[in-house]
Amino acid sequence: MSNYHIKHLEEYYQVYRKSVRNPEGFWEEIAEEHFLWRKKWDKVLSWDFSKPEVKWFEGAQLNITENCIDRHLATRGEKTAILFEPNNPDEAAQHITYNELYKRVNKFANVLKVQGINKGDRVCIYLPMIPELAVSVLACARIGAIHSVVFAGFSSTALSTRINDSDCKMVLTSDGSYRGAKTIDLKGIVDEALESCPGVKSVLVAKRINTEINMVSGRDAWLQPLLDNASEHCDAELMNAEDPLFILYTSGSTGKPKGMVHTTAGYMVYTAYTFKNVFQYRENDVYWCTADIGWITGHSYIVYGPLVNGATSVMFEGVPSYPDFGRFWDIVQKHKVNQFYTAPTAIRALAKQGAELVEKYDLSSLKVLGSVGEPINEEAWHWYNDNVGKRNSPIVDTWWQTETGGIMISPIPYSTPTKPTYATLPFIGIQPALMDENGDELKDNQVEGRLCIKYPWPSIARTIWGNHQRYKETYFSAYENKYFTGDGALRDEVGYYRITGRVDDVIIVSGHNLGTAPIEDAVNEHPAVAESAIVGFPHDVKGSALYGYVTLKDTGESRDQNNLRKEINQIITESIGPIAKLDKIQFTSGLPKTRSGKIMRRILRKIAQKDTANLGDTSTLLNPEVVQEIMDNVL
Ligand code: WTA
């Protein structure tokens, strides 16, 4: 019997030790017993972090959709796989059974084939949170096409950059999307993006909001008629363990977004195993992750992890504030949700509304509460624990990344005693290390350092699409023979981890990772702007918000600062998306720089955070006088 389902703390420690002593043996056992393989592997793991290269289950063949769907049909055919809750609460929820999902995915897969999509082709999915999004992801996987889902809140420029980077042949989208009381013209955004994407041959459009849209003849087609004519059976493509399953873009501190590549077998095994244990999912539970499938959390813990386990996964189209801030709790009550997984920024926004909106609803179905995306502050943790969980549902504070594919540090509910703001213990098979400034590993407890992982786990991203060198530099160059996460962390006296936040120029705003460099590039596009620097500052709902320091070109003209602020944010919205807008923009005559000309972000960060007691030595700056000017005018 393998240790697929861990039920108490001693068992966790015992399985953890086993997984670390003999990782290959451990993962082989898990893989053997819980998945459908068309051919078993020749070798469990080969790896070399200096290249870097990681391969799991080499020689194995499978299709992940047979694991997500086909193999459940005999026993769970009429069980709900995806429970779709629309934006508008008056619109009926859809219970898509495994049988129904099988048909929908196969039809969609056949449509992709007819449209000329082959194994290995990239398909960009730019869809709102409607069933077609989950179905199209699985349809790509069914035929071995590589999906690249782009969050449907990104701008046309951000979309075209991602389409071109991975050379997508096709875009899947909808006429538009609902977002609370608003609608968004998605097809219009796609049309604009495609003006600079010559590689895209076809666009398939789902109907959602029934608006009149422009269809480009020879390129665009409505999805539904094609699906209506497609067969319900599509043989699953035989995939090698290390064939890419998907690309998902994440922001780096510099340069263009990184297309993280995840492969098939290891990703499947790890997301399934973490899902089962971190959420303690049991057969008839209803599980709900509020993320968007446009992010890794949605890929791993709305689609793949739950479906591989034959779970019922809720997919919510709307926002927490519509029609009012009670919506999440209304959904929990309505669908008797057992596991609820959300982000600290949502918890803080809901906490602000007071507890009355929570108390109106029956939340007694809840058994496990999850948090992901950024450090959860103590106040939000307690609010969540007291008001939502009624101190009865353990909180799993799950730390992980787009790059890690699955949850890396997390309590196992009902086993690991929780501690506010601590992600607690490494998950089975995960070997974290904290590093000091000299690059040495801190081996004791009660230390703080930079968080690395010492040994490969099955769902580590294998490369950055088209740029393996950047993959190596970003993750494997800071510390020899270790994966560097970009996060800082501390380890307490019992070995619990607390993530302290990013140590690079990535800022997490409302759970979205934003690199400062691309935003600065956007700001600098404004004709009046000479230079800019962006830092984060604490925000009570977003966690962090963006603060921009901007110097203007000396044109002799005077400009209205508020208009400039609006124009700058407009450019950011167009080039990245509204999530990257600056909360505060301070105009200044200069930016503090080192003698080699580097902007001293550390100082700017402290000023924006109103933490100027200890600015450090500024006398070595090229222009120390601007520091005082900036402090005097801080917003
Ligand atoms: C941060 C999201 C503290 C962290 C799955 C990481 C967290 C980045 C937590 C990855 C957590 C995520 N506690 N920080 N529980 N979860 N982070 O790629 O800085 O969108 O490096 O993946 O979010 O964000 P990403």
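I looked at the lining of the second largest pocket and sorted its residues into eight nonpolar, seven polar and four charged. Here Ala, Val, Leu, Ile, Met, Phe, Trp, Tyr, Cys and Pro count as nonpolar, Asp, Glu, Lys and Arg as charged, and the others, Gly among them, as polar. A pocket is an open set of points on a 1 Å grid over the protein atoms alone, where a 1.4 Å probe fits, with protein on both sides within 12 Å along at least five of seven lines; lining residues have an atom within 4 Å of a point.

This is a predicted model, in which local features need pLDDT of at least 70, side-chain atom pairs count only at pLDDT 80 or more, and totals for chains, interfaces and linings use all residues. Residues are numbered from 1 along each chain as its sequence is written, and side-chain values use heavy atoms, without hydrogens and water.

Next I checked which residues lie nearest the centre of this pocket: from a lining of 19, they are Arg-162, Pro-257, Pro-518, Ser-575 and Ile-576.

I then turned to the peptide bonds and found a cis one between Lys-51 and Pro-52, with omega about -20°. Another cis bond runs from Tyr-322 to Pro-323, with omega near -5°.

Most residues other than glycine have a negative phi, and most peptide bonds are trans.
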